[in-house]
Amino acid sequence: MNQISISPGNTPNGWRWLLWAVFVIGWTTALLTTEPVHVAQAVLAPPVIFPTAKLLHVSAYALLAVLSGWLIVPGRWRWILLIFMCFHAFGTEFFQQFVPERGPSLWDVGIDHVGIAIGLTISCRWWIQFDNHVPSKTVTPQKLG
């Protein structure tokens with residue numbers, strides 16, 4: 001018999017991974033280039049650059065955690081997503097020392113982890129729901145007559 005599995009939320013898992021990858025690449029690029037620094041200096045008043053940048057860090061890592069929770073990954077592999085987010089925070093800060101006008105900061109790594117914690121809290125139902133990697137619906141064609 002043919003069985004067709006429908007992913008939770010009716011979004012194919014390939015699209016979820018694509019969106020996640022695009023976000024990771026975009027955020028990594030923003031952290032490892034000087035363009036965001038120039039945009040902030042051109043658009044924002046000097047007193048609000050620092051708090052805006054830190055709010056962006058928290059928000060971006062919270063969104064990364066939400067997107068990671070949205071992925072359909074077996075529970076035994078979910079810890080890899082958490083480790084990836086932590087290493088991403090450390091890694092991008094490390095590599096910022098090689099980018100002009102940027103610099104590494106353990107303070108930023110901590111702020112990034114606050115964002116991860118917020119994102120995990122927001123998406124905890126997804127992290128638990130997809131824990132067993134069981135599709136929400138299985139459609140089995142039946143014979144007529």
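Colleague: Where in the chain is Glu101 found?

Modeller: This is a predicted model, and Glu101 stands out in it through a phi near 70 degrees, a positive value in a residue other than glycine. Most residues other than glycine have a negative phi. As for its place, Glu101 lies in the loop between α4 and α5.

Colleague: Which pattern of helices and strands does the protein follow along the sequence?

Modeller: The protein has 6 helices and 2 strands. Read along the sequence, these elements give the pattern β-α-α-α-α-α-α-β.

Colleague: Are α3 and α4 roughly parallel or roughly antiparallel to each other?

Modeller: Helix α3, residues 46-70, and helix α4, residues 75-95, pack with their axes 10 Å apart and at an angle of about 155 degrees. Angles over 145 degrees count as roughly antiparallel, and the two helices, whose crossing is right-handed, are therefore roughly antiparallel.

Colleague: How many nonpolar, polar and charged residues does the contact of α3 with α4 have?

Modeller: On the side of α3, the contact is made by His57, Tyr61, Leu64, Ala65, Ser68 and Gly69, while α4 contributes Arg78, Leu81, Met85, His88, Ala89, Thr92 and Glu93. Sorted by class, with Gly counted among the polar residues, this contact comes to 6 nonpolar, 5 polar and 2 charged residues.

Colleague: How many nonpolar residues does the contact of α3 with α5 have?

Modeller: From α3, the residues that take part are Phe50, Lys54, His57, Val58, Tyr61, Ala62, Ala65 and Val66, and they meet a set in α5 that includes Trp107, Asp108, Ile111, Gly115 and Ile122. By class, the contact has 3 polar and 3 charged residues, and the nonpolar ones number 12.

Colleague: What percentage of the contacts with a separation of 6 or more is accounted for by residues 24 or more positions apart?

Modeller: For the protein as a whole, 30% of the 145 residues count as buried, and the accessible surface comes to about 9,200 Å², of which 71% belongs to carbon and sulfur atoms. Among contacts with a separation of 6 or more, the share of residues 24 or more positions apart is 80%.

Methods. Residues numbered from 1 in each chain as written. Predicted model: local features only at pLDDT ≥ 70, side-chain atom pairs only at ≥ 80, totals over all residues. Heavy atoms only, no water. Axes fitted to C-alpha atoms, helices over the stretch in contact; angles between N-to-C directions. Helix = DSSP H or I, 4+ residues; strand = E, 2+ residues; numbered from the N terminus. Parallel < 35°, antiparallel > 145°, perpendicular 65-115°, else oblique. Left-handed = near helix turned anticlockwise from the far one by under 90°. Contact = heavy atoms within 4.5 Å. Buried < 20%, exposed > 50% of the residue type's maximum accessible area, 1.4 Å probe, protein only. Areas by Shrake-Rupley, 256 points an atom, 1.4 Å probe, with all protein chains shown as cover.
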